[in-house]
Amino acid sequence: MHVVLFEPEIPPNTGNVGRLCAATGVCLHLIEPLGFRMEDRDFKRAGMDYWQHVRWFKWPHWKAFKAQIERGSTLWFIESGGPRNYADVSFLPQDYLIFGRESAGLPMELIEDNKKHWVRIPMMHKQARSLNLSNAVSIVLYEALRQQSFPNAI
């Protein structure tokens, strides 16, 4: 599986997602521009000493990232307003879970081009617009891994 952060802005969120990817054996993709420098103290602290255990890539823009996607992979766009609940779709090992910027989410042009793979995390309170990025990644990633019977779990 793959987790994709599209233009992440907050270093601790990205660090926490890196740590999650290390713990689950999932590949992380960061699409620039990033809202921080990789040398940022908060970024490193949130990821702790896990970065050496993460398979990760940094892409200069969406097109460069998209060009490397293997045939047969599905890109799932996790964003509020999606027509389907994330738990109602079937995730496969080669799939990509794509999450947007903390301040703005995913660009509407990406969602419009991929409507059939647009999913949401249900919210129980109408005033709650979104969850913390690293929490959202955790929720969807663990459901995807559960569907695959937690491959490589120890």
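1. A pocket is taken here, on a 1 Å grid over the protein atoms alone, as an open set of points where a 1.4 Å probe fits, with protein on both sides within 12 Å along at least five of seven lines; lining residues have an atom within 4 Å of a point. Grid points are joined across faces, edges and corners, and a volume is the space filled by probe spheres set on the points.

2. The model is a predicted one, in which local features need pLDDT of at least 70 and side-chain atom pairs count only at pLDDT 80 or more, whereas totals for chains, interfaces and linings use all residues. Residues are numbered from 1 along each chain as its sequence is written, and side-chain values use heavy atoms, with hydrogens and water left out.

3. On the overall fold, the protein chain has 5 helices and 7 strands, where helices (H or I, at least four residues) and strands (E, at least two) are DSSP runs numbered from the N terminus. Their order along the sequence is β-α-β-α-β-α-β-β-β-α-β-α.

4. On overall dimensions, the C-alpha atoms fill a box of roughly 40 × 35 × 35 Å along the principal axes. The radius of gyration of the protein chain is 15 Å, which agrees with the value near 15 Å for a compact globule of 154 residues. That radius is taken over C-alpha atoms, and the globule rule is 2.2 Å times the number of residues to the power 0.38. Of the 154 residues, 47% are buried; buried means under 20% relative accessible area, exposed over 50%, and partly exposed in between (1.4 Å probe, protein chains only).

5. The largest pocket has a volume of about 460 Å³. Its lining consists of 21 residues, and Glu 79, Ser 80, Arg 129, Ser 130 and Leu 131 lie nearest the centre. The lining divides into 9 nonpolar, 7 polar and 5 charged residues. In this sorting Ala, Val, Leu, Ile, Met, Phe, Trp, Tyr, Cys and Pro count as nonpolar, Asp, Glu, Lys and Arg as charged, and the others, Gly among them, as polar.

6. Arg 129, one of the residues nearest the centre of the largest pocket, sits in the loop between strand E7 (118-120) and H5. Arg 129 is exposed, at 72% relative accessibility. From Arg 129 to Leu 30 the separation is 99 residues in sequence and 23 Å in space, C-alpha to C-alpha.

7. The second largest pocket is lined by Ala 23, Thr 24, Gly 25, Tyr 142, Leu 145, Phe 150, Pro 151, Asn 152, Ala 153 and Ile 154. Helix H1 (11-24) and helix H5 (133-147) each contribute at least two residues to this lining. The lining has 7 nonpolar residues, 3 polar and no charged.

8. Side chains of opposite charge can pair when their charged atoms come close. The structure holds 4 salt bridges, each a side-chain nitrogen of Lys or Arg within 4 Å of a carboxyl oxygen of Asp or Glu. One of them joins Lys 58 and Glu 32, with the closest N and O atoms 3.7 Å apart. This pair links distant parts of the chain, 26 residues apart: Lys 58 is in strand E3 (residues 56-59), and Glu 32 is in the loop between strand E2 (27-31) and helix H2 (41-47). Lys 58 is partly exposed at 40% relative accessible area, as is Glu 32 at 26%.

9. Another salt bridge pairs Lys 115 with Glu 112, the closest N and O atoms being 3.2 Å apart. Lys 115 is partly exposed at 43% relative accessibility, and Glu 112 is partly exposed at 42%.

10. Within helix H5, Glu 143 and Arg 146 are 3 residues apart, which means a separation of about one helical turn. These two residues form a salt bridge whose closest N and O atoms are 2.7 Å apart. Glu 143 is buried, with a relative accessible area of 12%, whereas Arg 146 is partly exposed at 46%.

11. A disulfide is counted when a pair of cysteine sulfur atoms lies within 2.5 Å, and the count comes to 0. For Cys 21 the closest cysteine sulfur is that of Cys 27, 7.7 Å away and therefore too far for a bond. Both cysteines are buried: Cys 21 has 1% relative accessibility, and Cys 27 has 2%.
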